[in-house]
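Please keep the sequence and the model in view while reading.

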Amino acid sequence: MDKIYRRETQLGGTPKKKKNEKNRKRNVIMNFRVSAAEKEAIDARIAMTGLPKSDFFIESCMYQKILVHGNIRTFTEIKNRMEEIAADIDRNPKLEDLDDEKAMLLKTILEILDSRFGKEK
């Protein structure tokens, strides 16, 4: 049998395009594992929102209520982060000058503590 002629570009497959990661707003990848049932439930929720998957996950992670089941690691991490924030506040007592990352971290800690120890409504 004769060999089938293929162009050189088809022999090795198409070369992958290199993305310019320097100019990308979101250049960090996060992965996690779910069961088949969890994937179906997540896909159904994504379909109902009409959002792209990445936007759905970002919105869910950043703006959903956080439910914490406290353990020693949780409280140790909160304590360490609060010490970092306290050191920043000691250096510069004006809370308006607190950088965005520390402000978001403080907000998250307060939400966690409020959900765990806050008054029942």
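The structure holds seven salt bridges, a salt bridge being a side-chain nitrogen of Lys or Arg within 4 Å of a carboxyl oxygen of Asp or Glu. The model is predicted, so local features need pLDDT of at least 70 and side-chain atom pairs count only at pLDDT 80 or more, while totals for chains, interfaces and linings use all residues. Residues are numbered from 1 along each chain as its sequence is written, and side-chain values use heavy atoms, with hydrogens and water left out.

The protein chain comprises five helices and zero strands, in the order α-α-α-α-α from the N terminus. Helices (H or I, at least four residues) and strands (E, at least two) are DSSP runs, numbered from the N terminus. Of the 121 residues in the chain, 9% are buried. Here, buried means under 20% relative accessible area, exposed means over 50%, and partly exposed lies in between (1.4 Å probe, protein chains only).

One of the salt bridges joins Asp43 and Lys53, whose closest N and O atoms are 3.5 Å apart. Because Asp43 belongs to helix H2 (residues 36–49) and Lys53 to helix H3, this pair ties together parts that are 10 residues apart in sequence. Asp43 is partly exposed, with a relative accessible area of 27%, and Lys53 is also partly exposed, at 45%.

Another salt bridge links Lys102 with Glu84, with 3.6 Å between the closest N and O atoms. Lys102 lies in helix H5 and Glu84 in helix H4 (residues 72–91), so the contact ties together parts that are 18 residues apart in sequence. Lys102 is buried, at 15% relative accessible area, whereas Glu84 is partly exposed, at 34%.

Asp88 and Arg91 also meet through their side chains in a salt bridge (2.1 Å, N to O). These two residues are separated by about one helical turn because they are three residues apart in helix H4. Asp88 counts as buried, with 19% relative accessibility, but Arg91 is exposed, at 63%. Glu84, Asp88, Arg91 and Lys102 are linked in a network of salt bridges.

The surface also carries a nonpolar patch of about 380 Å², made by Ile58, Met62, Tyr63 and Met104. Patches are made of residues with over 30% relative accessible area and no salt bridge, like charges being joined within 9 Å and nonpolar side chains (Val, Leu, Ile, Met, Phe, Trp, Tyr) within 5 Å. Accessible areas come from the Shrake-Rupley method with a 1.4 Å probe, and for residues only the protein chains shown count as cover. Helix H3 (residues 53–63) gives the most to this patch, with three residues. Met62 is found in helix H3 and is partly exposed, with a relative accessible area of 43%.
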